[in-house]
Every structure is written in C-alpha cells, then in structure tokens.
There are 2 protein chains.
Amino acid sequence: MTRIALDAMGGDHAPRVPVSAALLALPELDSSDVIQLVGKPDAIQAALDEAVAANGGKKPDASRLTTVAATEVIEMSDKPTAAVRGKPDSSMTVGLKLQATGGSDAFVSAGNTGAQMAASTVLFRLHSGLTRPAIATIFPTARKPVVVLDAGANVDCSAQELVQFARLGDVYAEDILGRDHPAIGLLSVGEEPEKGSAAVKEAHQMLREAGLNFLGNVEGRDIARGECGAGAIDVVVCDGFTGNVLLKFYETIAPFLVGLAAKHAGRDPRELLGGLKELDYAEYGGAPLLGVKGVSIICHGRSSARAIKNAILVAKRAVTTDMNTHIGRRLAEGAAAPEPA
Amino acid sequence: MTRIALDAMGGDHAPRVPVSAALLALPELDSSDVIQLVGKPDAIQAALDEAVAANGGKKPDASRLTTVAATEVIEMSDKPTAAVRGKPDSSMTVGLKLQATGGSDAFVSAGNTGAQMAASTVLFRLHSGLTRPAIATIFPTARKPVVVLDAGANVDCSAQELVQFARLGDVYAEDILGRDHPAIGLLSVGEEPEKGSAAVKEAHQMLREAGLNFLGNVEGRDIARGECGAGAIDVVVCDGFTGNVLLKFYETIAPFLVGLAAKHAGRDPRELLGGLKELDYAEYGGAPLLGVKGVSIICHGRSSARAIKNAILVAKRAVTTDMNTHIGRRLAEGAAAPEPA
C-alpha cells in the first residue's frame, strides 16, 4: 500500500484540477494505494461532487480517496521561507508533515515551487553529503528522453554540487526511467575536458573518478539528439541557472516551431501539437525534488489533470523503488570521492 | 567603396564554398565594392574556374574580385593562440592584417573560431572600457529575431562584462538589425531583480543605471516569444556559457521538432524545414565578434555559400554604419556607469 498526499489547493486551477487528477490516477495505481487530498474539506468536496457529476455520477472508492484537512493555502506570491513558519496549517505544510511523521509516503503539489523546495528541505532534511537539493526534469529528445538537472533549485553551483547532481540523476534515471547504468554527461561549451566554466572544468575531473558511467562533456546540440560522440545520454548535469533557462526555452520553443511547421504544412497547429505525444510535458509528470529524505514531486502551476496524474505515478514509482534509500546508499558509496567543502 | 576580405581557405568545404559565396555576394553589394579572396592562389583559381563553369561560363568582374596570396591554412584543430604566432602567412592572419594596415574594411571567415577570436583581438585590440570581446548571434523568434550575446567567447562572466555585452548588443541591434532604441533583457531564472546568479543580480542593478533601454530580467521562455512582460525584446544578454549552450540547443532542436511535426503531418521533413525561412540560420549570416576595433565576422565551419554570402552582407552593413566607431562612442558615453574592475 502506497499513500500519496496530493496538494488539493496547489496550482492555477485548484482544487478542481488536482481533484480530477486524483480520480484519473486511482485506476492506474495498485488497488491498495490511497490518495490523500490535502486542503479545505468543503472546497475539496465541492470539486469532487463536480468531477463525479461530470463523470456520469460514478463515485470513487471512498477508502482509496481520503481528505486531510488544512485550513490555509500558500499563494504563488508567498515567500518560500514563509510557508513553514507563516502558514503551518497550509495544505503544503500539512501534506509534507504527514509524510515526515509517517502518515504518508509521498507528496505531490502544483503549488508554489519555492515554498515546496524550502519546506521539503526543512521537514525532510537533506541526505548526508549533500549541500543542496536539485530539481530533475525530463527533456524529450530524438532518442529516449534525458534527465536534466539541476533545473532551477541552485543558481550558482560549485564543482562539488555538480558532482552531487550527477549522483542524484544517476539514481533517478535508474529508478524512475528504468535505465541500466545511466550514461551521464556534463553540460559544457565543448567536448574537450578543458572547455567550460571553472566549476565545470573542476567537476569534469572529479566525475572521471566518481565511479559513475561518465560520458564526459556534452554540448547544447547533444541534448536534442539524446546522444553525444561518446554514446547515448541518460542524464545531463548542469547548474540550475543553465538548466532553468534551457527548460523554459524548450517549453516555449516547441509550440513555436511546431506551430511554424504546421502553418507551412497547411495544418492546424493545435491539432498537430496535440498529436505530438513526444513533446507533451504532461506525459512526464512532475519533477522530483532530489536529495531530500522524502518524496516531494513538483508540478507546474499550470499543470493539467493528466500532468498531475502522471506526477502521482512518478511519486508511486519513487516509493516502490525506494529511490530515497537508494540515493542515500549511492551517496555513501560516493563518499570516497571528494566531498563537498 | 567597401573592401571585404574573405577567408577563402576557412570552412569545411573551402575554397569551393567561400568562392561560391563571393560570386553570390557581388551582385548584392554596391557596384564599387570589392571582395578580396585570401588564400592559396592556385586553389582559389581552380575553385573560381569551377564556379564559373557551373554558372554557364559567366565570369565575375575581375576588378571587384581580387586575390590576396596566403600560403598557410589554419586548421580547425589548431590552437587559437597558435594562429598569429604559428602561422603568420595563414589566410586568416593575412586577411585580418590587411584590415589592420588599412588595406581592407572587413574580414569574414568560416574557419577556426577560436583562432579568429584570438587573432582579431591581438591584431585589432579591444575598445577602451572592455575586458573581452563577445559573439553576437541571432535567434529567430515568434516576433522579430533577437540578438543573443555572448554566445561563447566568455564562459565565466562578471557583472561588469554582462553590462559590456549589453552596450555591444545595443549598437549591434541598432546598426545591423535597424532597431530603434533597442530593448535589452538580462537572461535570468525569474523576472524579479533578486532572481539569478550573483553576477546577474549585480548586473541587473548596474543596467538600471546604464542609460540603456533596459527591460529587466527575461527568462528562457521569453526568448522564443521574442517578448517578455515588459515588452518586445531586441537583445538578450547572458554569459557565454549559457549563450553557447542555448545556441547549440536551438540549432539542433529546430530540425528535431520540425521533423517530428512533418512526420505527423505526413510531409517530407526536409521539404518542410527547407520552406521555413524563419528558421534558416543561413538567412542571418555570420556572427560579428563585437568589441574589437575592426570588423571580424565569424561563420560556422559548415556554412553554406548562402550563409557566407549573408555574412558578407553583414560585414558590409557593419562598415557602412560605421558600427565600430559607434561602439567606441557608446562605450565612452557609458564610462559614467561602473567600469570593469
């Protein structure tokens, strides 16, 4: 039995969209799994009634869809640190605390990302050997999707932190994407080890000794191809500044380019884009916050019900593969490699 | 009369492609303009004979297409610094020296980029107030194309250098793209001034006082749109690491996405991509190395004749608008703003 707490109040269209996501997820989870809707009970009940009515009156199994009351809501404009201290009875804080105290196995939210990162770090703490958590995202490529991290949790990164991201991405690719001995590339401006920023050049040398399947440097052009000169890529390691810029660039360049192509092909851009399952971010669910000793899955504020449903499935997979224990073990194994200062 | 020196030996298919580019450029230049083909005279003559034969025997005006002899060739694998010292009679060094000594007005090459940057900096020197040159590239967007710089000349950048790039991009957008009072965005991970790396946050504050049309921070998602919350964007300022990764990502994600869309639309990807003039890098010509006191246009090694032809037109425009004097004047005007350490 896996118990997944879902922030019913998080996201641009909460609680309607998270509640719909929960209803979509239930049949795809094991029959013993439970989704815990965290938030204002009245608002959740109203959204549930609406969703059930829209679904021809078919009610979900009440034993598998519970409600956990939380009176406050963290707004998108709230400061990250204000979440835990300022709104202790918010759906986010209550949902995360439920896991920290053993009442839940995972947490999923489409709410304020900064608040979720800060609260997850405070309530779960970091694995030993880490200085920062990292956000792992999935980039569709011409080959298999690749994991890109960090995607925005850390803007200025040391070489040691880049190596930490490589270890986190390694376990993520193995446990969540099912990749065997994941191939890890370090994002830089040239394939030669002497190319890159000071932190990247130092990280390159450390990664050669880190006991990982390290491909060496990869370039911007290798990401879309999903491979570099040294072979197929599973994980791309970069600082959170570059990762965040790339992620947001990708999310908007895709509709622009596909729209352009559709226009030239005389097709409806929306229809064509809708058919491109490869590019559908909703397919890949949420982005796990890696490094914290708990399961905390971050979704876009504008996530669809299907995107949040897929994030719930990512949470389930993180729990069943015991990803966090796995990360802790890998970090301990890597302790022979240079440790963070 | 503008005299443009073209590195006939630079690029993956030299001298054939540069020579073809020169023949394409001549009718698009003023009738008094001259292209100076720099390289091995025999090889240039053979390429010329071939191009003339392919063109039905129509010979170019010999007074407008001259040859400047250079016995050496800088290979793609040569170290940047070796160019000037190691191969003083290379087409690149001879072509740049011709300008430095007043015998030419601009230089265009599809050869070794690192060598071109190093040799241009040594032979032309930097404008006062600059610590590094920058590479300005053009990104197609849903609106007008935007200038992104630096695209790879500088990996670790200080706040002062980011401000320098803003000044260089400002003049470039005005002189080469014809933008009036160009709108400048600083690439970051959020629009708020307190978002970003240490250098970006400091640069943000400096840019507010720099006398430029500064929009504030822009994000990865704003580039493809060509606009941010504050309005349309003409120039995106970033460090050379991020810019290089983004540029190479864009160059490969475009064919991937358009190919995907074409497949779903039941169209030939090459045909569709070929029709998308908006995405054709050859349209935008080469990337000027900004900050040096000379005109040095950098082309991809794999540039087509049309791409090099367009780079020659960019060179012509840089000469006629007197972009370099303009840059020097703007930098002097900006001297009231904080200077590089």
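1. Two strands count as paired if DSSP finds at least two bridges between them; strands (E, at least two residues) and helices (H or I, at least four) are DSSP runs, numbered from the N terminus. In chain A, strand β13 (residues 287–290) and strand β14 (residues 296–298) run antiparallel and are joined by two bridges. P288(A) has I297(A) in β14(A) as its bridge partner.

2. This is a predicted model, in which local features need pLDDT of at least 70, side-chain atom pairs count only at pLDDT 80 or more, and totals for chains, interfaces and linings use all residues. Residues are numbered from 1 along each chain as its sequence is written, chains are lettered from A and ligands numbered from 1 in the order in which they are written, and side-chain values use heavy atoms, without hydrogens and water.

3. The open sheet of chain A has seven strands, ordered β3-β2-β1-β4-β14-β13-β5, with mixed pairing. Its edge strands, β3 (65–69) and β5 (134–135), each pair on one side only.

4. Helix α4 (residues 91–100) of chain A lies across β1 (3–7), β2 (34–39), β3, β4 (106–109) and β14, at about 160 degrees to β4(A). Axes are lines fitted to C-alpha atoms, for helices over the stretch in contact (heavy atoms within 4.5 Å); angles run from 0 to 180 degrees between N-to-C directions.

5. Helix α9 (residues 240–264) of chain A and helix α9 (residues 240–265) of chain B have axes that come within 9 Å and cross at roughly 30 degrees. The two helices are therefore roughly parallel (angles under 35 degrees).

Key. Parallel < 35°, antiparallel > 145°, perpendicular 65-115°, else oblique.
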